[in-house]
Amino acid sequence: MFNKLIKWSLENRLIVIGLGIILFIFGSISAINTPVDVLPEFAPPQVVIQTHAPGYAAEEVEALVTIPLESALNGIANIRAIRSNSIEGLSFVTVVFEWGHDIYKARQLVAEKTQQVAKSFPVSIKPPILSPITSPIGFTYFFALTSKSTSLMELRSYADWEIRNKLLSIPGVASVLVYGGDLKQYQILVNPNKLRQYNLSLNQIVEAAEQANAIVGGGYLLDSDKEYLIRGIGKIKSIEELGDSVITEKDRTPIYLKDVAKIKLGAAFKRSYGSVNGKQAVYVIVNKQPWVNTLEISKRIESTLNDIKKTLPPDVKITKTFNQADFVNVSIRNILSSILQGSVLVIIVLFMFLGNWRTSFISLVAIPFSLIIAILILKAFGQTINGMTLGGLAVAVGEIVDDAIIDVENIYKRLRQNKLSPNPKPALEVIFNASCEVRNSVVYGTYIITIVFIPVLFLTGLAKQIFTPLAWAYILSLFASLFIALTLTPAMCFYLLSKGENLPDHEPDIVIKLKEKYLKLLNHVLHKPKSLFIITVASSIVAIGVFMFLGRSFLPELGEENLVIMAYTPPGSNLKVTQRIALTIEKILLEHPEVKSVGNRAGRSETDDEAISSNLSHYDVTLQSGLAQAKKEKLIKEIRKDFEQIPGVVAIIRSFITETMEHVLSGNRAPIVLKLYGNDLTLLRKYANEIKDVLKTIRTLNEVEVEPISNIPQIHIEIKRKVASRYGLKVGELLKTIHIAYNGTATGQRVIEGQKAFDIFVWFEEPYRNNLEVIKNTLIDTPSGIKIPLGQLADITEAKGPNIINREKASRRIVIQANANKKDISHAVEKAQSLIYKNVSLPAGYSVEFEGEYQQQKETNQKLFLLSTLVLLLIYLLLSLAFKSFKIATIIMTNLPFALIGGVFVIALTGGILSIASVIGFITLFGLSTRNSILLVNRFVDIQKENPKLLIDEVIKKGALDRFSPIMMTALAAAFAMLPLALFPGTGREIEHPLAIVILGGMFSATALTLLVIPVVYKRFVK
């Protein structure tokens, strides 16, 4: 089949080249327009259910909302995990589905279940809602609104009603979260003393407020041939109108709202705070939808903000604090530069060994064509251009030229020999025969590399989502290069090499000298192989020993130019405390010269889909561009020391994508996560603190913290049912009055101002809702007209209750999290497991599980090892069938353990961390080493078939010299193509860097051993 393809390509060479030019032009245009992102979509489908339960404590939210929802959702198929958070007034249930499950189907199933459960909720609990679909790395653009003269209330109104709506109209924007500022309300602040004075109830105030602002439809009036719409308009137009609204009439004297309450435009009760660079601000976060081009949507956001800025007051400033496109641009630019630099180095290698610009050009053409074909196929299957797909292409640059190199080198050699022959054959025949001669080696080599990558394709979890696009990009580019080598390469050889008049009579001088030195070395090892075996085996044993002591990590540290700092004040701290500390922290952070800007968002936005309390602040720290990783790590240590000086504040420092990946792995933002399960919160806290104490004894761990769950102050108002019934009071109505007085309530109709709408909010004036004695003395209306102090109708006591209740696996749970340097994570966790088992004795019904980066890394390495072992056995069988000899297959496979040597030593010298990327580097190395071994051994076999009586030493020398140039070229091309990734591990290259250094170091040892060990072993075992 392949011979026919080569023959067809030569016979139709003009068509092949024409189609190649068309493919290059239109493929390039299509590739440029492919969606771009920082990473593939790596999170499993998940649906977040929010349920508002105003006034309910965490325990009541858990019992009335969270547990019923969990029970109903547990029956849905393909669910990986259900996690929940119950806080005061809110329930969050996160349903995580298996990777690859259709998100829209998942949402439909969840919506059906939640609608059924919602029917059983108390009337005061609002219906559950599903959060918008967002990407795991959907935080696209952060900015803050500040002003010298415009008030925070006006800034918040601009953000809510103008900026937010216009941003949401951009295709691809999923949600816009607004933090801080003052949320505008028309407030009716009731004075309970005046209620008593006018003998009014709180319910009458609410009813009057509702009646004061109304709009009704009055139907139609028909008049001859016209139709008039009748509108009943009772809209409030000003605070004065609201204050002049009548509550009731006493002795023919109207009583107005302004008589019993302060009527004003005020700020809603604050649940969030925003600031930038130490100044209060309205903070806005824009989230994008999955599979949306990050660069394109960022441009649209910035364009929209530029248009909006023209409509804002001149003193309003928009300060960008984060733009994911900045990281994407730097990452893509760095990887593309690696591809370009690698290609230039490959050109140098080709020209050095071929000594002819035409042969180098023909070989080089394989690079752009293979990359374009791979990108087109990836695009057809819905993949984006991202750091991993580009990484796969960058890693493949040195290999995709190999097929063309082997083909061109052999064609070039045969044409040169044909030129010197007394009976030269037609050039077309020579090119065809030369291509067919190396066809088996080329095809089998490509097959082997593809098979070696099978374990990567069968990974699961986050590792699959991250590395599968890299593997597919690599494999597709290799198959594309094979296709080019069988079609375009022979056609170009005919046009550029077939004339033969300019072909040199000998190889380049550098190749001749290298072959002379290689032949001397080969003669030596063929006659004295013992020293070679001793050195090789000893090096392999040392490499295996070093390998066992390497640190383990899931992914290398990403070189993001930002930090995300989560700072917790003590549970129960109000937003004012968090705000005061936040301003201090921002000033401290800005004192570091490496810090460019600091944005802060504390508490929870009204539309946020996470259970965030008012004691948590997020600091979005933008670092100076080009900051080296070592300086960044030093800065993090200094920031940790800064936070240690602030009493009661616990800080966790991450980078944006790192934090997101950790959250995907375990639902928590830490590389090491211990989840303690049980039902008693007191016991959970007790044992969590014991585990924390154990972890703190491990020197390599830092940021060891227990999830901030503790009892916070509460006021319990427990109704005396018998006393209430004696006065004819219903418990529900009584609790409703309490809810309005101390939690407040928004009336049904909102005040409309142009295209904006604001709540009318009724509750007690601040002095009367923030004092326990006042609460006890609040008068409650009875049906008989008697007013009774609340203290007589209920037991009012100070108490404590949990600030949050977290659940997973149908049980309450608490998290102990920790961090460590990448190289220390695996050893630290193994030590922690041992110490916890020895020192912490958990009662029945309580268990602890390790999750996070370590667990993912361990599972992935185990799977890669198992699958790689099976794949190597498969390769062995394929080689045995191809060569019809188990002996030859064994000789080829002999070189694989030796390929480890260079890779292991390079890792040990460059940090000593074995990541999943490093393991994939070894897998790639095995494939490349096997291909070169096949190329060499196949030549030995062919020579023996052509000259059965030739002595084995002569067979080996002739075959080794014949294949010396292609082996050296492919090896050096693969190694040199990795140099930019290996030497410059900048932004965007972090994941590919460990892979590159393994290939770079391993190719030198593997190639040296291929050219020396394989011939010696072949001589020993093949007669």
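Which residues of helix α7 (residues 202-212) are buried? In this predicted model they are L202, I205, V206, A208, A209 and A212. Here, buried means under 20% relative accessible area, exposed means over 50%, and partly exposed lies in between, using a 1.4 Å probe and protein chains only. Because these residues cover an arc of only 165 degrees around the axis, they sit on the same side of α7. The arc is taken from the directions that lead from the helix axis to the C-beta atoms. Helices (H or I, at least four residues) and strands (E, at least two) are DSSP runs, numbered from the N terminus.

Before going on, two notes on reading the model. Residues are numbered from 1 along each chain as its sequence is written, and side-chain values use heavy atoms, with hydrogens and water left out. As the model is predicted, local features need pLDDT of at least 70 and side-chain atom pairs count only at pLDDT 80 or more, while totals for chains, interfaces and linings use all residues.

**Helix sides and cores**

Helix α1 (residues 2-11) can be read in a similar way. Its buried residues are F2, I6, S9 and L10. They cover an arc of only 100 degrees around the axis, which puts them on the same side of α1. An α-helix has 3.6 residues a turn, so residues three or four places apart point the same way.

In soluble globular proteins, nonpolar side chains tend to be buried together. A nonpolar core is a set of buried Ala, Val, Leu, Ile, Met, Phe, Trp, Tyr and Cys residues joined through side-chain atoms within 4.5 Å. The largest one here has 179 residues, and L39, V456, F467, I657 and L879 have the most contacts inside it. A second, separate core has 44 residues, including L202, A208, L242 and I788. L202 and A208 were also among the buried residues of α7.

What does I657 touch, leaving aside its neighbours within four places in sequence? I657 is in contact (heavy atoms within 4.5 Å) with V38, L39, I137, F327, L558 and E560.

**A four-stranded sheet**

Now for some strands. An open sheet runs in the order β6-β15-β5-β16, with antiparallel pairing. Two strands pair if DSSP finds at least two bridges between them. Strands β6 (173-179) and β16 (317-323) stand at the edges with a single partner each, so one side of each has no neighbour in the sheet. From one strand to the next, the twist averages 20 degrees.

Strand β5 (residues 139-146) is joined to β16 by six bridges, and F142 stands opposite F322 in β16. Helix α5 (residues 152-168) packs on this sheet, touching β5, β6 and β15 (282-288). The direction of α5 makes about 175 degrees with that of β6; such angles run from 0 to 180 degrees between N-to-C directions, and the axes are lines fitted to C-alpha atoms, for helices over the stretch in contact.

**A covered strand**

Is strand β31 (residues 804-808) mostly covered or uncovered? Mostly covered: five of its five residues are buried. I804, N806 and E808 are on one side, with I805 and R807 on the other. Strand β31 pairs with β2 (residues 79-87) in the antiparallel sense over five bridges, and S86 stands opposite I805. Two bridges also join β31 to β32 (residues 811-820), again antiparallel, with E808 opposite S811. This hairpin has two residues between the strands, and K809 takes a positive phi near 55 degrees.

**Some single residues**

| Residue | Relative accessibility |
|---|---|
| T94 | 13% |
| C436 | 15% |
| C493 | 0% |
| P469 | 5% |

T94 lies in strand β3 (residues 90-97). Setting aside neighbours within four places in sequence, T94 is in contact with Q46, V47, V48, A81, I82 and R83.

P469 is found in helix α18 (residues 461-486). P469 and N423 are 46 residues apart in sequence and 52 Å apart in space, C-alpha to C-alpha. Not counting residues up to four places away in sequence, P469 touches P40, Q383, M388, T389 and K464.
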